[in-house]
Amino acid sequence: MKTPGEVLREGELEKRSDSLFQLWKKKRGVLTPDRLSLFPTGAGARPKELRFHSILKVDCVERTGKYVYFTIVTTDRKEIDFRCAGESCWNAAITLALIDFQNRRALQDFRSRQERAAPAAQPEAATARAP
């Protein structure tokens, strides 16, 4: 089982800015089992964290000669555009980590529903055995 702090991938990717000119800004990305952290190139700046519980999907993958372009869609429908070197496969790594996170969360939800239902089922089973 993967631990939340385990680094799955680390390296450079670029994020399109929200400014008027929409420039591509280089970031150092750190992918863990529960988030993507984006560190700016300047020293001392705080990272932006995209936690998987707030990410809906990785979308719009397009490959050009040099780059792979992709969009991360958040649960509030915000779209964040990225690009990376074609051979780096950041989009695939993020997609796989997101699917793994969603599967783990679905299992946890299923188990907690079973645990909540189990105590309610036990009294019924006890009365069914009584003569």
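Val 30 has its bridge partner, Ser 37, in S3. Strand S3 covers residues 35–40 and pairs with S2 in the antiparallel sense, over 6 bridges. Two strands count as paired if DSSP finds at least two bridges between them. S2 and S3 form a hairpin, with 2 residues between them.

This is a predicted model, where local features need pLDDT of at least 70 and side-chain atom pairs count only at pLDDT 80 or more, while totals for chains, interfaces and linings use all residues. Residues are numbered from 1 along each chain as its sequence is written, and side-chain values use heavy atoms, with hydrogens and water left out.

## Overall fold

The chain holds 1 helix and 7 strands. Along the sequence the pattern reads β-β-β-β-β-β-β-α. These elements are DSSP runs, numbered from the N terminus: helices are H or I with at least four residues, strands are E with at least two.

Of the 131 residues in the chain, 31% are buried. Buried means under 20% relative accessible area, exposed means over 50%, and partly exposed lies in between (1.4 Å probe, protein chains only).

## Other strand pairings

S1 and S2 are antiparallel and share 8 bridges. In this pairing, Glu 12 stands opposite Arg 28 in S2. S1 also pairs with strand S7 (residues 79–85), antiparallel, through 2 bridges. There, Lys 15 faces Phe 82 in S7.

Leu 38 has Lys 48 in S4 as its bridge partner. In a regular strand the side chains alternate between the two faces of the sheet.

## Salt bridges

Side chains of opposite charge can pair when their charged atoms come close. A salt bridge here is a side-chain nitrogen of Lys or Arg within 4 Å of a carboxyl oxygen of Asp or Glu. The count comes to 9 salt bridges. One of them joins Lys 26 and Glu 12, at 3.7 Å from N to O. Lys 26 lies in strand S2 and Glu 12 in strand S1, so the pair ties together parts 14 residues apart in sequence. Lys 26 is partly exposed, at 44% relative accessible area.

A network of salt bridges links Asp 34, Arg 35, Glu 49 and Arg 51. Asp 34 bridges to Arg 35, with the closest N and O atoms 3.0 Å apart. Asp 34 counts as buried because its relative accessibility is 18%. Arg 35 is also buried, at 18%. Arg 35 forms a salt bridge with Glu 49 at 2.6 Å, N to O. This pair links distant parts of the chain: Arg 35 is in strand S3 and Glu 49 in strand S4, 14 residues apart. Glu 49 is partly exposed, at 35%.

## Aromatic pairs

The whole structure contains 4 aromatic pairs. One of them is Tyr 67 with Tyr 69, an edge-to-face pair at 6.0 Å centre to centre and 65° between the planes. Rings of Phe, Tyr and Trp (its six-membered ring) pair if their centres lie within 6.5 Å; planes under 30 degrees apart are stacked, over 60 edge-to-face, and the rest tilted.

Tyr 67 is buried, at 17% relative accessibility. Tyr 69 is partly exposed, at 23%.

## Nonpolar surface patch

Leu 20, Phe 21 and Leu 23 make a nonpolar surface patch of about 420 Å². Patch residues have over 30% relative accessible area and no salt bridge; like charges are joined within 9 Å, nonpolar side chains (Val, Leu, Ile, Met, Phe, Trp, Tyr) within 5 Å. Areas come from the Shrake-Rupley method with a 1.4 Å probe; for residues, only the protein chains shown count as cover.

Phe 21 sits in the loop between strand S1 (9–16) and strand S2 (24–32). Phe 21 counts as exposed because its relative accessibility is 67%.

## Cysteines

A disulfide is a covalent bond between the sulfur atoms of two cysteines. The criterion here is a pair of cysteine sulfur atoms within 2.5 Å. The whole structure has 0 disulfides.

Most residues other than glycine have a negative phi. Cys 89 has a positive phi of about 55°. Cys 89 lies in the loop between S7 and helix H1 (90–129), and is partly exposed at 36% relative accessibility. Cys 60 also has a positive phi, of about 50°. Cys 60 is in strand S5 (residues 55–63).
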